[in-house]
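My notes follow the structure.

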Amino acid sequence: MFTNEDIKFMKIALKLAEKAKGDTTPNPLVGAVIIKNGEIIGKGYHKKAGTPHAEIHALNAAGNKAQGATLYITLEPCCHTGKTPPCVNEIIKQKISRVVIAMSDPNPLVNGKGIKILEDSGIQVTAGLLENQAKAKWDLVLF
């Protein structure tokens, strides 16, 4: 189901997530990497609560090259409006073709809904890659 390349890029996303350790509470640590033709075209991490999420930073870095690319993200993209708009909307708008997720978001506002929205939009989604490593790095939030 997952390739060696998938593992390599998810490990990069996990490392990016660590950059904000201690700065995102009450939000989790999240990293994202966008790959096209085997090359990183965008990367980002959630820097601070209330600011854009990891995938938004990665999409902004990729710019118009994001179409048809693969997004690796350590946590399921959000699908609700909080302090920021839903990340799934931007992923769909930028025409990402595949999303690889380390772990589903246990937040009841998301919890599989983000994955379903992406899949319903024709995006190939796979989850569970390096899930235990993602959970270990995640500053757990009780909902």
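These entries go from ground rules to strands, core, loops and pocket.

**Ground rules**

This is a predicted model: local features need pLDDT of at least 70, side-chain atom pairs count only at pLDDT 80 or more, and totals for chains, interfaces and linings use all residues. Residues are numbered from 1 along each chain as its sequence is written, and side-chain values use heavy atoms, with hydrogens and water left out.

I take helices (H or I, at least four residues) and strands (E, at least two) as DSSP runs, numbered from the N terminus. Two strands pair if DSSP finds at least two bridges between them.

**Strand E3**

I started with strand E3, residues 70–75. How many of its residues are buried? Six of the six are, so E3 is mostly covered. Buried means under 20% relative accessible area, exposed over 50%, and partly exposed in between, with a 1.4 Å probe and protein chains only.

I checked two of its residues. Ile-73 sits in E3 and counts as buried because its relative accessibility is 0%. Leu-75 is also in E3; its 6% makes it buried too.

Next I looked up the neighbours of E3. E1 pairs with E3 in the antiparallel sense over four bridges. Ile-34 stands opposite Leu-71 in E3. E3 and E4 run parallel and are joined by five bridges. Ile-73 has Ile-101 in E4 as its bridge partner. From E3 the chain crosses through H3 to E4, and this β-α-β crossover is right-handed. Right-handed means that, with the strands pointing away from the viewer, the path from the first strand over the helix to the second runs clockwise.

I also read off two C-alpha distances. For Ile-73 and Met-103 the separation is 30 residues in sequence and 8.6 Å in space.

**From E4 to E5**

E4 (residues 98–103) runs parallel to E5 (residues 124–127), with four bridges between them. Val-99 stands opposite Val-125 in E5. With helix H4 (residues 113–120), E4 and E5 make a right-handed β-α-β unit.

**Core**

I then listed the largest nonpolar core, which has 45 residues. Such a core is a set of buried Ala, Val, Leu, Ile, Met, Phe, Trp, Tyr and Cys residues joined through side-chain atoms within 4.5 Å. Met-10, Ile-34, Leu-71, Ile-91, Ile-96 and Val-99 touch the most other members. H1 gives the largest share, six residues.

**Loops**

Which residue in the loop between H3 and E4 did I note? Lys-95 lies there, with phi near 60°, a positive value in a residue other than glycine. Most residues other than glycine have a negative phi. Leu-130, in the loop between E5 and helix H5 (131–137), also has a positive phi, near 55°. Leu-130 is buried because its relative accessibility is 15%.

**Pocket**

Last, I looked up the largest pocket, with about 470 Å³ of space. A pocket here is an open set of points on a 1 Å grid over the protein atoms alone, where a 1.4 Å probe fits and protein lies on both sides within 12 Å along at least five of seven lines. Lining residues have an atom within 4 Å of a point. There are 23 of them, and Asn-27, Pro-28, His-53, His-80 and Asn-107 lie nearest the centre. By class, 10 are nonpolar, nine polar and four charged.

Notes. Grid points are joined across faces, edges and corners, and a volume is the space filled by probe spheres set on the points. Ala, Val, Leu, Ile, Met, Phe, Trp, Tyr, Cys and Pro count as nonpolar, Asp, Glu, Lys and Arg as charged, and the others, Gly among them, as polar.
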